[in-house]
Amino acid sequence: MYTVLTVVRYPKLLSWAGFFSMAFFRLPLMFNKRLTFYKLMGCGKNGSFSVVPDVRQWAILVSTDKKDLRDLINNPNTVYGKFINGWWRLFKTEQWTLVLDPIEGHGKWDGKEAFGSLPRNTSYEGTIAVLTRATIRLSRLKNFWQNVDKAAAPLQGSEGFIQSIGIGEVPWKKQATFSMWQSKQAMKNYAYRAHQHNDVIHKTRKENWYSEEMFVRFRVLSSHGTLPAHATILPHLKQVGTTEQ
(Lines give C-alpha, C1' and ligand atoms only; values in the text may rest on other atoms or scores of the structure.)
Protein backbone atom coordinates (compact mmCIF):
# COMPACT_ATOMS: atom_id res chain seq x y z
CA MET A 1 0.00 0.00 0.00
CA TYR A 2 1.24 3.48 -0.92
CA THR A 3 0.04 7.00 -0.17
CA VAL A 4 -0.36 9.98 -2.49
CA LEU A 5 -0.73 13.52 -1.15
CA THR A 6 -1.57 16.39 -3.51
CA VAL A 7 -1.73 20.04 -2.51
CA VAL A 8 -3.54 22.22 -5.05
CA ARG A 9 -3.48 26.02 -5.26
CA TYR A 10 -6.15 27.91 -7.21
CA PRO A 11 -5.77 31.34 -8.81
CA LYS A 12 -6.98 34.13 -6.56
CA LEU A 13 -10.23 34.78 -8.42
CA LEU A 14 -11.02 31.06 -8.64
CA SER A 15 -10.65 30.07 -4.99
CA TRP A 16 -14.39 29.29 -4.92
CA ALA A 17 -13.67 26.33 -7.21
CA GLY A 18 -11.47 24.82 -4.51
CA PHE A 19 -14.31 25.08 -2.01
CA PHE A 20 -16.79 23.35 -4.33
CA SER A 21 -14.26 20.66 -5.25
CA MET A 22 -14.54 19.32 -1.71
CA ALA A 23 -18.11 18.29 -2.51
CA PHE A 24 -17.76 17.35 -6.18
CA PHE A 25 -14.69 15.13 -5.70
CA ARG A 26 -16.35 12.79 -3.21
CA LEU A 27 -18.20 10.62 -5.71
CA PRO A 28 -15.27 9.91 -8.07
CA LEU A 29 -13.08 9.11 -5.07
CA MET A 30 -15.75 6.93 -3.48
CA PHE A 31 -16.12 4.81 -6.62
CA ASN A 32 -12.40 4.65 -7.42
CA LYS A 33 -11.54 0.97 -6.95
CA ARG A 34 -7.80 1.69 -6.76
CA LEU A 35 -8.20 3.58 -3.48
CA THR A 36 -8.44 2.01 -0.04
CA PHE A 37 -8.74 5.34 1.83
CA TYR A 38 -9.15 9.01 0.92
CA LYS A 39 -9.53 12.41 2.57
CA LEU A 40 -10.39 15.82 1.11
CA MET A 41 -8.95 18.65 3.18
CA GLY A 42 -8.44 22.36 3.48
CA CYS A 43 -5.07 23.94 4.26
CA GLY A 44 -3.81 26.27 6.95
CA LYS A 45 -1.43 29.18 6.52
CA ASN A 46 2.31 29.50 7.17
CA GLY A 47 3.04 25.77 7.15
CA SER A 48 0.72 24.90 10.02
CA PHE A 49 -2.98 24.77 10.80
CA SER A 50 -4.61 28.12 11.42
CA VAL A 51 -7.93 29.47 12.64
CA VAL A 52 -8.38 31.24 9.29
CA PRO A 53 -7.71 28.74 6.46
CA ASP A 54 -5.98 29.43 3.16
CA VAL A 55 -9.04 29.42 0.85
CA ARG A 56 -6.87 29.12 -2.28
CA GLN A 57 -5.13 25.93 -1.18
CA TRP A 58 -6.69 22.47 -0.80
CA ALA A 59 -5.43 18.91 -0.45
CA ILE A 60 -6.26 15.29 -1.25
CA LEU A 61 -4.66 12.36 0.53
CA VAL A 62 -5.28 8.79 -0.64
CA SER A 63 -4.01 5.30 0.04
CA THR A 64 -3.83 2.98 -2.94
CA ASP A 65 -3.11 -0.68 -3.55
CA LYS A 66 -1.92 0.08 -7.09
CA LYS A 67 0.65 -2.59 -7.92
CA ASP A 68 2.71 -0.74 -10.56
CA LEU A 69 4.96 1.36 -8.32
CA ARG A 70 7.03 2.74 -11.21
CA ASP A 71 3.91 4.10 -12.91
CA LEU A 72 2.65 5.52 -9.62
CA ILE A 73 5.95 7.28 -8.99
CA ASN A 74 6.11 8.76 -12.49
CA ASN A 75 2.40 9.55 -12.94
CA PRO A 76 0.91 9.87 -9.45
CA ASN A 77 -2.02 12.15 -10.31
CA THR A 78 -3.56 9.47 -12.54
CA VAL A 79 -4.64 7.72 -9.33
CA TYR A 80 -7.39 10.38 -8.92
CA GLY A 81 -9.08 9.76 -12.26
CA LYS A 82 -10.07 11.91 -15.24
CA PHE A 83 -12.73 14.07 -13.58
CA ILE A 84 -10.48 15.42 -10.81
CA ASN A 85 -7.50 16.01 -13.08
CA GLY A 86 -9.76 17.69 -15.63
CA TRP A 87 -11.14 19.98 -12.92
CA TRP A 88 -7.63 21.03 -11.90
CA ARG A 89 -6.72 21.80 -15.53
CA LEU A 90 -9.94 23.73 -16.11
CA PHE A 91 -9.31 26.01 -13.13
CA LYS A 92 -5.60 26.49 -13.90
CA THR A 93 -4.31 25.17 -10.59
CA GLU A 94 -0.75 24.72 -9.42
CA GLN A 95 -0.05 21.39 -7.76
CA TRP A 96 2.43 19.56 -5.57
CA THR A 97 2.15 15.77 -5.41
CA LEU A 98 4.12 13.39 -3.21
CA VAL A 99 4.22 9.60 -3.47
CA LEU A 100 4.85 8.16 0.00
CA ASP A 101 5.63 4.78 1.50
CA PRO A 102 4.18 4.49 5.04
CA ILE A 103 6.77 2.71 7.17
CA GLU A 104 5.88 3.20 10.84
CA GLY A 105 3.25 4.70 13.09
CA HIS A 106 0.26 4.18 15.33
CA GLY A 107 -3.31 5.35 15.77
CA LYS A 108 -6.40 5.44 13.57
CA TRP A 109 -8.19 7.89 11.29
CA ASP A 110 -11.98 7.76 11.69
CA GLY A 111 -11.54 4.34 13.22
CA LYS A 112 -9.51 2.97 10.26
CA GLU A 113 -5.91 1.89 9.78
CA ALA A 114 -5.63 4.31 6.87
CA PHE A 115 -2.09 3.27 5.94
CA GLY A 116 -2.26 -0.40 6.79
CA SER A 117 -0.91 -2.19 9.84
CA LEU A 118 2.41 -0.52 10.66
CA PRO A 119 5.17 -1.15 13.21
CA ARG A 120 5.76 1.64 15.70
CA ASN A 121 9.45 1.88 14.76
CA THR A 122 11.84 0.64 12.09
CA SER A 123 15.57 0.95 11.49
CA TYR A 124 15.05 3.57 8.76
CA GLU A 125 16.90 6.81 9.58
CA GLY A 126 16.94 8.76 6.30
CA THR A 127 14.90 11.65 4.91
CA ILE A 128 11.42 11.29 6.32
CA ALA A 129 7.92 12.74 6.14
CA VAL A 130 5.62 12.78 9.17
CA LEU A 131 1.85 13.07 9.47
CA THR A 132 0.36 13.90 12.84
CA ARG A 133 -3.42 14.27 13.02
CA ALA A 134 -6.09 14.40 15.68
CA THR A 135 -9.78 14.86 16.33
CA ILE A 136 -10.04 17.51 19.02
CA ARG A 137 -12.70 17.18 21.71
CA LEU A 138 -15.25 20.02 21.58
CA SER A 139 -14.58 20.76 25.24
CA ARG A 140 -10.85 21.17 24.48
CA LEU A 141 -11.00 23.30 21.32
CA LYS A 142 -10.09 26.48 23.22
CA ASN A 143 -7.10 24.79 24.89
CA PHE A 144 -5.85 23.47 21.55
CA TRP A 145 -6.05 26.73 19.61
CA GLN A 146 -4.51 28.73 22.44
CA ASN A 147 -1.40 26.55 22.17
CA VAL A 148 -1.01 26.07 18.39
CA ASP A 149 1.36 29.00 17.85
CA LYS A 150 3.46 28.03 20.86
CA ALA A 151 4.00 24.49 19.56
CA ALA A 152 4.69 25.58 15.96
CA ALA A 153 7.01 28.49 16.77
CA PRO A 154 10.31 26.52 16.83
CA LEU A 155 9.45 24.45 13.74
CA GLN A 156 10.77 26.68 10.96
CA GLY A 157 14.15 27.19 12.61
CA SER A 158 14.69 23.59 13.64
CA GLU A 159 17.83 21.87 12.36
CA GLY A 160 16.99 19.35 9.65
CA PHE A 161 13.53 20.79 8.95
CA ILE A 162 12.62 20.89 5.23
CA GLN A 163 8.95 21.73 4.74
CA SER A 164 5.52 21.55 6.40
CA ILE A 165 1.87 22.11 5.66
CA GLY A 166 -1.22 22.24 7.86
CA ILE A 167 -4.24 20.29 6.61
CA GLY A 168 -7.67 19.56 8.05
CA GLU A 169 -10.87 17.79 7.01
CA VAL A 170 -13.16 19.62 9.46
CA PRO A 171 -12.44 23.28 10.32
CA TRP A 172 -10.98 23.75 13.82
CA LYS A 173 -11.85 20.20 14.97
CA LYS A 174 -10.00 17.65 12.78
CA GLN A 175 -6.48 18.89 12.14
CA ALA A 176 -3.18 17.52 10.88
CA THR A 177 0.38 18.61 10.15
CA PHE A 178 2.47 17.07 7.39
CA SER A 179 6.19 17.82 7.73
CA MET A 180 9.44 16.71 6.09
CA TRP A 181 12.84 16.27 7.74
CA GLN A 182 16.38 15.48 6.61
CA SER A 183 16.48 12.56 9.04
CA LYS A 184 14.43 10.81 11.68
CA GLN A 185 16.80 12.11 14.34
CA ALA A 186 16.21 15.72 13.27
CA MET A 187 12.47 15.17 13.62
CA LYS A 188 12.90 13.62 17.06
CA ASN A 189 15.08 16.51 18.20
CA TYR A 190 12.27 18.92 17.40
CA ALA A 191 9.57 16.72 18.88
CA TYR A 192 11.28 16.01 22.19
CA ARG A 193 13.85 18.77 22.73
CA ALA A 194 12.00 21.92 21.63
CA HIS A 195 10.55 22.84 25.02
CA GLN A 196 7.54 24.77 23.62
CA HIS A 197 6.46 21.78 21.55
CA ASN A 198 7.22 19.32 24.35
CA ASP A 199 5.17 21.36 26.84
CA VAL A 200 2.15 21.27 24.55
CA ILE A 201 2.49 17.50 24.06
CA HIS A 202 2.41 17.02 27.83
CA LYS A 203 -0.73 19.18 28.03
CA THR A 204 -2.52 17.11 25.40
CA ARG A 205 -1.96 13.98 27.47
CA LYS A 206 -2.72 15.50 30.84
CA GLU A 207 -5.88 17.32 29.73
CA ASN A 208 -7.08 14.64 27.27
CA TRP A 209 -7.54 16.97 24.29
CA TYR A 210 -8.09 14.34 21.60
CA SER A 211 -10.79 11.75 21.01
CA GLU A 212 -8.64 10.16 18.28
CA GLU A 213 -5.08 10.65 17.10
CA MET A 214 -2.57 9.26 14.62
CA PHE A 215 1.15 9.51 14.00
CA VAL A 216 2.68 8.07 10.81
CA ARG A 217 6.14 8.31 9.20
CA PHE A 218 6.80 7.87 5.48
CA ARG A 219 9.66 7.42 3.04
CA VAL A 220 9.27 9.92 0.20
CA LEU A 221 9.37 8.13 -3.15
CA SER A 222 8.78 11.07 -5.50
CA SER A 223 7.82 14.74 -5.67
CA HIS A 224 6.17 16.47 -8.62
CA GLY A 225 4.77 19.93 -9.14
CA THR A 226 5.06 23.68 -9.53
CA LEU A 227 4.38 24.90 -6.00
CA PRO A 228 7.42 26.29 -4.11
CA ALA A 229 7.31 23.37 -1.66
CA HIS A 230 8.34 21.02 -4.48
CA ALA A 231 11.44 23.09 -5.26
CA THR A 232 12.32 23.20 -1.56
CA ILE A 233 12.40 19.46 -1.05
CA LEU A 234 13.94 18.50 -4.41
CA PRO A 235 17.62 18.88 -3.36
CA HIS A 236 17.05 16.65 -0.33
CA LEU A 237 15.45 13.92 -2.43
CA LYS A 238 18.33 13.98 -4.91
CA GLN A 239 20.76 13.42 -2.06
CA VAL A 240 19.08 10.13 -1.15
CA GLY A 241 18.54 9.01 -4.75
CA THR A 242 14.74 9.30 -4.60
CA THR A 243 12.88 9.62 -7.89
CA GLU A 244 11.77 13.18 -8.58
CA GLN A 245 10.39 15.25 -11.43
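**Figure 1. Asp-110 in the loop between β4 and β5 (128-136).** Helices (H or I, at least four residues) and strands (E, at least two) are DSSP runs, numbered from the N terminus. The model is predicted: local features need pLDDT of at least 70, side-chain atom pairs count only at pLDDT 80 or more, and totals for chains, interfaces and linings use all residues. Residues are numbered from 1 along each chain as its sequence is written, and side-chain values use heavy atoms, with hydrogens and water left out. Asp-110 has a positive phi of about 55° although it is not a glycine. Most residues other than glycine have a negative phi. With a relative accessible area of 33%, Asp-110 is partly exposed; buried means under 20% relative accessible area, exposed over 50%, and partly exposed in between (1.4 Å probe, protein chains only).

**Figure 2. Lys-92 in the loop between α4 (82-90) and β4 (94-107).** Lys-92 is not a glycine, yet its phi is positive, at about 55°. Its relative accessibility is 64%, so Lys-92 counts as exposed.

**Figure 3. The aromatic pair of Phe-161 and Trp-181.** Rings of Phe, Tyr and Trp (its six-membered ring) pair if their centres lie within 6.5 Å; planes under 30 degrees apart count as stacked, over 60 as edge-to-face and the rest as tilted. The structure holds 17 aromatic pairs. In the pair shown, the centres are 5.4 Å apart and the planes are at 70°, which is edge-to-face. Phe-161 belongs to strand β6 (residues 161-170) and Trp-181 to strand β7 (residues 174-181), so the pair ties together parts that are 20 residues apart in sequence. Both Phe-161 and Trp-181 are buried.

**Figure 4. The ring pair of Phe-178 and Phe-218.** The ring centres of Phe-178 and Phe-218 are 6.5 Å apart and the planes are at 50°, so this pair is tilted. Phe-178 is part of strand β7 and Phe-218 of strand β8 (residues 210-225), so parts that are 40 residues apart in sequence are tied together by the pair. Phe-178 counts as buried at 2% relative accessibility, and Phe-218 counts as buried at 1%.

**Figure 5. The largest nonpolar core.** A nonpolar core is a set of buried Ala, Val, Leu, Ile, Met, Phe, Trp, Tyr and Cys residues joined through side-chain atoms within 4.5 Å. The largest one has 29 residues, and those with the most contacts inside it are Trp-109, Phe-115, Leu-131, Phe-178 and Met-180. Strand β8 gives the most to this core, with four residues. A second, separate core has 22 residues, including Ala-17, Phe-25, Trp-87 and Phe-91.

**Figure 6. Ile-167 in strand β6.** Ile-167 counts as buried, at 1% relative accessibility. The C-alpha atoms of Ile-167 and Leu-40 are separated by 9.4 Å, and the two residues are 127 residues apart along the chain.

**Figure 7. Arg-217 in strand β8.** Arg-217 is buried, with a relative accessible area of 3%. Its side chain makes a polar contact with the side chain of Glu-104 (2.6 Å). A polar contact is a pair of N or O atoms within 3.5 Å; within protein, one must be able to donate a hydrogen and the other to accept it, and residues adjacent in sequence count only if both atoms are side-chain atoms.
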